[in-house]
Amino acid sequence: MEKTNIILIGSAGVGKTTIGKTLADRQKKLFYDSDELFESRFGKISEFFERYGEAMFRVEEGKILYELSRKENAVIALGGGAVLSPAMSYIRERGIVVLLNAETETIAARLQGDTTRPLIKGGDLKSRIETQKRERAPLYKKYADIVLAVDGKTADETASEIIAAVKQSR
């Protein structure tokens, strides 16, 4: 089965949605964002977390990931914790997975004052980001076909790098 999708993974705040939209536009592909799909069905993720908890969020997120795994010729941006889902194996079968990395300082600057991300709320933002990156690093590494740093780059520059890297990987 040909991998026609480009799947973007990485920490919250690395720019998966912004870069994904740019990439999809340039590649004439459809764009999907797992967090946007979730919120269109269940409302704000932060409110869902407060009401039902992370475990229930992961169940519903997993259903969305299974749905996205059936898409073709698309750019798909996944939530930062999507790599925790068993559905990642299905998504990976249908696409090239690109891990977008950024330094903690870059992510912290982008997420400063953001109250919509329940797993990084409260406490020291940089240490929460570091902890989350460290915990998820093995999974990001497991699923990534391509790894790119985004620090100091525009969405357009990163999209160009992704296009080149995907072409080279085929």
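Which residues does V147 touch, not counting residues up to four places away in sequence? V147 touches L99 and N101, where contact means heavy atoms within 4.5 Å. The place of V147 is in strand β5. V147 and L8 lie 139 residues apart in sequence, while their C-alpha atoms are 9.9 Å apart in space.

This is a predicted model, in which local features need pLDDT of at least 70 and side-chain atom pairs count only at pLDDT 80 or more, whereas totals for chains, interfaces and linings use all residues. Residues are numbered from 1 along each chain as its sequence is written, and side-chain values use heavy atoms, with hydrogens and water left out.

## Overall architecture

Seven helices and five strands make up the chain. Helices (H or I, at least four residues) and strands (E, at least two) are DSSP runs, numbered from the N terminus. From that terminus on, the elements follow the order β-α-β-α-α-β-α-β-α-α-β-α. The radius of gyration of the chain is 15 Å, close to the 15 Å that the globule rule gives for 170 residues, so the chain is as compact as a globular protein of that length. This radius is taken over C-alpha atoms, and the globule rule is 2.2 Å times the number of residues to the power 0.38. Along its principal axes, the C-alpha trace of the chain spans about 40 × 35 × 25 Å.

## The sheet

The five strands form an open sheet in the order β2-β3-β1-β4-β5, with parallel pairing; two strands pair if DSSP finds at least two bridges between them. The edge strands are β2 (30-33) and β5 (146-149), each of which pairs on one side only. From one strand to the next, the twist averages 20°. Strand β1 (residues 5-9) pairs with strand β3 (residues 74-77) in the parallel sense over three bridges. Within this pairing, I7 has I76 in β3 as its bridge partner. Helix α2 packs on the sheet and touches β2 and β3; the direction of α2 makes about 65° with that of β2.

## Helix packing

Three helix pairs are described below. Axes are lines fitted to C-alpha atoms, for helices over the stretch in contact, and angles run from 0 to 180 degrees between N-to-C directions.

| Helix pair | Angle between axes | Axis separation |
|---|---|---|
| α2 (residues 34-42) and α3 (residues 45-68) | roughly 120° | within 10 Å |
| α1 (residues 16-27) and α7 (residues 155-169) | about 60° | 9 Å |
| α5 (residues 104-111) and α6 (residues 125-143) | about 125° | 9 Å |

The axes of α2 and α3 cross at roughly 120°, which makes α2 oblique to α3. Angles under 35 degrees count as roughly parallel, over 145 as roughly antiparallel, 65 to 115 as roughly perpendicular and the rest as oblique. Helix α2 passes α3 in a right-handed crossing; a crossing is left-handed if the near helix is turned anticlockwise from the far one by less than a right angle, and right-handed if clockwise. Residues of α2 in this contact include L37, F38 and F42, which meet a set in α3 including F48, F57 and I64. By class, the contact of α2 with α3 has nine nonpolar, one polar and six charged residues. Here Ala, Val, Leu, Ile, Met, Phe, Trp, Tyr, Cys and Pro count as nonpolar, Asp, Glu, Lys and Arg as charged, and the others, Gly among them, as polar.

Helices α1 and α7 are oblique to each other, and their crossing is right-handed. The contact is made by T18, I19, T22, L23, R26 and Q27 of α1 and A155, D156, T158, A159, S160, I162 and I163 of α7. By class, this contact of α1 with α7 has six nonpolar, five polar and two charged residues.

Helices α5 and α6 are likewise oblique to each other, and α5 passes α6 in a right-handed crossing. T104, E105, I107, A108 and L111 of α5 make the contact with L125, K126, I129, E130 and K133 of α6. The residues of this contact divide into five nonpolar, one polar and four charged.
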